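This briefing goes through selected local features of one protein model, grouped by topic. Please keep the sequence and the coordinates at hand while reading.

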Amino acid sequence: MSALATLSNRLTLPYQRGAEFAAIPLGADTAGVTAIGPYGFDEYGARWGQDPQVPAYVIAPRTDIAGDDVGLSIGYTLNGIAGTATVTVPSGTRAGTGFLIPLPSQLDASLRLTSLTAAPRPAGTGSSQWEITALLGTLARLVFLLGAEKDALARVRSDVRKMRFVDKAFGAGLDALGRDMRVRRFPPRPYSYDDATVALWHLDEIVPNGGSVVDQATRTGVPGHPGTVAGAVAGAAGKYATGFAFPATGGAITVAASTDFDIGATADATIEAFVSTSVPGDTVPRAIVARRASETAAGSVVPGWSLCVVNARGFNANLLFAICDGAHEIRIFADLSIGDSRFHHVAGIVDRTRQRARLFVDGVQRATASIAALGAVTPPDGVRFGSTATGNNLAGTIDEVRISKVARTTFHPALGEDDDAYRARLRIFRHWVLPTPANVIAMINQAAPFPTDPAPYQLFEANRATQVAQCPVRIVPATLGIGGALAADGSTARDESVAGTPADDVGFDPSLDLVGYVNAGVDASADPGHGRMQAGAAKMLDALIGRLGTTPGKLVLTHSFDVAGPTPLHAVGRALRLRHTTLAVAALGALAHRAGFAYVRNLGAELAVAVAAGERLLVIGAPAGAVRADAGSAFDLTIAPALPLAGTFSWTVIAPAAGRVHLAAHSADPASLTTPVAARPRVRLVLDGPGDVAVRIEYGRSGRTRSGTLSLRVDPVTLADGHGLDTVGNPDPDPATIVGLPDANFDPTYLVTHPASPAIDFGANPNNAKMQVVTRDALDALVALLVARGTAGRLRVTQALVPGGPGVESVGRRLVLGHETLDAGVLGALASRFFDYVARAGAAVSAFMRPDSWIEIVDAVSSAPLPAEVVVGTPLNLAILPGAPPAGVYNWSTRVIGAGAGSFDTVLRPTAHFTPSKPGLLMLAVTFVQNDSSRAAPYSFELRLKPALDVAATNIPKDQYDIIMNVLDAFHPIGIEVRTDRIRQHVREIVQDPTKAFPAYSFSNFRV
């Protein structure tokens, strides 16, 4: 109607009289009737000097007409005589669409509209639902007719604009927005019980004749309405999973009579099902769902209701909905055939609010009729599927039957996700949300509120007590077969390029970059390169000699530096050829890989090895090959190869603090030498105090610099009374930052009792042998060092666990030590190598460990720590220490830190067998989680109902559960497990069939 005003106002003055129109006022409502007027045309008369000739009247809805067609009765008076005009406004009419009111012929403008009645009556007052306009001239009538098309186009334009917004889009437009967000509509799904459901049968049971069919409305205190199979056949292909087939010879599912199925005089109802059937061979109605003794083609006054398939009204397999209170029967037909052997959703509805019976097929209303005269429908019969008690046998399959005590207006989710549900879900995905606990639970409550509680869900993330133990291992091969090649990380090497190329050795000069390797255990007499190689290769060769140990025979170096090959890296001294006089090449290859060569290949007769590019100078000193030295010692350092003095030398010391180490003149240098010590070709290193130090030499010549580094751990030799040390050797560190507070919620079950040892005196107090496993490991390492040093006497542990103590002694992380023969200062210095903090008070040495895991992975038989290297194919028997922690759950796993791989025989038991399968570094791990129903597992959070709702009587509809899972899948934090066990107990479909807990359409493969 907006076009009427727009177009009329654009006419010039000569035409305005013919385009006049006037709004007719609507008054108050009385008993469902809206008064019209009074009104007149005085303004028109004042403007044009006469009344309009014969006005035409148009009525239009102010809101869209949904549901039923609306019948309008407009009362009027003409020449003192009352009359009524009728207009039918079809369902789906858009707001503003005008309908001409059919009025009798008139000679003037004396006719007056007096009243308006709508049936069924939309919600709200008449004046808020309708508008009436009087067209006072011929042009106004013409503009109304022409403007109708303009209004239709305007509505289309408005709809198109709405399609850009989730809140306003509908149908295919909403689907397009969903595709843009990669969130499609959920597919059709079975119904779930809700508060309006009287009974719901999924018909998925596989039961014999006489078996029971579950009513999903069954719950605590409510027995429900189970069905009994009487000739129907279970397991037929259904709309969802399986359904029941009903043979033409007769079969049924019977449900006992109950007043729950009564439809009161003012009560609504919906009866619906999915049916697949063929065309009947006669005109006898075939019952889909019925609560009526019989159904006839001609109708009857037998009380009850039925949904039937019948050949009638010119349609084979027409759908009939009949309902009768015993006196009045209403029969409505869909007037279409459903006998195509496909599943169709059929629904009969009793809508007392609008006094209509409705019949839907596949979600579309096909017929409606008045039920104003229909009373209560309370037959004595039970409900039957597939036939009535007297026949009416259906030949077909029935699935998903539901009876409700409301007049349903939508059949979500059985016919797919409707616009309202889809729109609500799309609102969640319209923007990215940081998945904090508060945001996640807010989204869930927004997406799945209860009718009685807008925020029924809570998120629990307080974790159960969890301990994780990790143990890195290097998996190595037992042998390297002929043709086999390995890189340093254990992966298969294609060729020596895994160690680099000669191009990596920028400025290579054989005279400056190669050392002459000499070792009594190596025979290089046949080597054309005379044992010349880069410093890195020499270090690896030393490591291999160490691996050979006491193996009889000698290592033979057959080829080192050679500009002619046999491979490119020989030309820069980084490749070698080796064999052994007694050891097979395959075994030698495995040892070379363990020694650290970047490339190892078994050539059959000999071994090819190579190292990566690195520093080209060796810093050589005494003690040779040592990585630790005592504070107060000193030794000379020289460089290999011997370098021309024409270059520049620069020695640098890197130490954690001043005064720990310094350089002095080499012992062979004359006192008269004036060259600064740090610029000489050789120096003496003096170790003043404990800590990690590195000495670096840089040699410059011809614009290029070569370097070499020596790294050492300097150990203290004594600990002064009243002072402390950390494990690196830092004097008097702050113990609070190292030791920390006693472990929160510590369970004494995690303590281990150290076994009796001839090297340790634990005294008479049994608590002196109780400690955490990390403390035990440090104690055992100290004892092993004392034995290796040949120290006489026993180590004393005078205090360990102190239950209720003020410090970490209460959780087994402090030991008070002494020794029968060793000075306390020396003992304290030695203990600092293994304990994180050590303090001395007279003859007592207190040794502390920092907080760590309460468990450790150990050998299941010996309880000893695992070896650092394990051989491919050799199983490890794993357990944790302590062996009897509190009740809980174990989870063994591996974590990638290199190329290593292997497998467990089991991952959920206290012990496990691990079999290494691939060389390389690998982290073995075990996670132990104590049982605690009040907390969530680690790296997880749990979704629960509020305590008041977390009771057996609370039901969560399956479609709401699906939305929750969709939200959790999209927004849960990466790497965090979401536990929904507690809420699944409230979803009847999942309780009955756990396989329905994780539908594919809720998860990432549905978000494409």
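Helix α15 covers residues 958-971, and its 14 residues reach 20 Å from the first C-alpha to the last, close to the 20 Å expected at 1.5 Å a residue. α15 is mostly covered, with 12 of its 14 residues buried. The model is predicted, and every value below is computed from it.

**Helix α15**

- Helix α10 runs over residues 535-548; its 14 residues should span 20 Å at 1.5 Å a residue, and the end C-alpha atoms are 20 Å apart, so the two values agree.
- Buried in α10 are Ala 535, Ala 537, Ala 538, Leu 541, Leu 544, Ile 545 and Leu 548.
- An α-helix has 3.6 residues a turn, so residues three or four places apart point the same way.
- Gly 549 follows α10 and has a positive phi, near 55°.
- Two packed helices are described by the angle between their axes and the distance between the axes.
- The axes of α10 and helix α11 (residues 585-595) come within 9 Å and cross at roughly 125°.
- That angle falls between the limit of 115 degrees for roughly perpendicular and the limit of 145 for roughly antiparallel, and α10 and α11 are therefore oblique to each other.
- The crossing of α10 and α11 is right-handed.
- On the α10 side the contacts are made by Met 540, Ala 543, Leu 544, Arg 547 and Leu 548, which meet Leu 588, Leu 591, Ala 592, Arg 594 and Ala 595 of α11.
- Leu 544 and Leu 548 are buried residues of α10 and are also among those that meet α11.

**Strand β18 and the cysteines**
- Ala 312 is in strand β18, which covers residues 304-312.
- Ala 312 counts as buried because its relative accessibility is 18%, under the 20% cut-off.
- Leaving aside residues up to four places away in sequence, Ala 312 touches Asn 318 and Phe 333.
- Ala 297 is 15 residues from Ala 312 along the chain, and their C-alpha atoms are separated by 8.1 Å.
- A search of the whole structure finds zero disulfides.
- Cys 308 is accordingly in no disulfide, and the nearest cysteine sulfur, that of Cys 324, is 13 Å away.
- Cys 308 has 0% relative accessibility and so counts as buried.
- Cys 471 also counts as buried, at 13% relative accessibility.

**Backbone exceptions in loops**
- Most residues other than glycine have a negative phi, and most peptide bonds are trans.
- The peptide bond from Gly 565 to Pro 566 is cis, with omega near 15°; Pro 566 lies in the loop between β32 (555-559) and β33 (575-580).
- A cis peptide bond also joins Ala 640 to Pro 641, with omega near 0°; Pro 641 lies in the loop between β38 (634-640) and β39 (648-654).
- Ala 241 is not a glycine, yet its phi is positive, near 55°; this residue lies in the loop between β13 (233-237) and β14 (242-246).
- With a relative accessible area of 61%, Ala 241 is exposed.
- Asp 362 has a positive phi of about 55° although it is not a glycine, and its loop lies between β22 (356-361) and β23 (364-370).
- At 36% relative accessibility, Asp 362 counts as partly exposed.

Conventions
Residues are numbered from 1 along each chain as its sequence is written. This is a predicted model: local features need pLDDT of at least 70, side-chain atom pairs count only at pLDDT 80 or more; totals for chains, interfaces and linings use all residues. Side-chain values use heavy atoms; hydrogens and water are left out. Helices (H or I, at least four residues) and strands (E, at least two) are DSSP runs, numbered from the N terminus. Buried means under 20% relative accessible area, exposed over 50%, partly exposed in between (1.4 Å probe, protein chains only). Contact means heavy atoms within 4.5 Å. The expected span of a helix is 1.5 Å times one less than its number of residues. A disulfide is a pair of cysteine sulfur atoms within 2.5 Å. Axes are lines fitted to C-alpha atoms, for helices over the stretch in contact, and angles run from 0 to 180 degrees between N-to-C directions. Angles under 35 degrees count as roughly parallel, over 145 as roughly antiparallel, 65 to 115 as roughly perpendicular and the rest as oblique. A crossing is left-handed if the near helix is turned anticlockwise from the far one by less than a right angle, and right-handed if clockwise.
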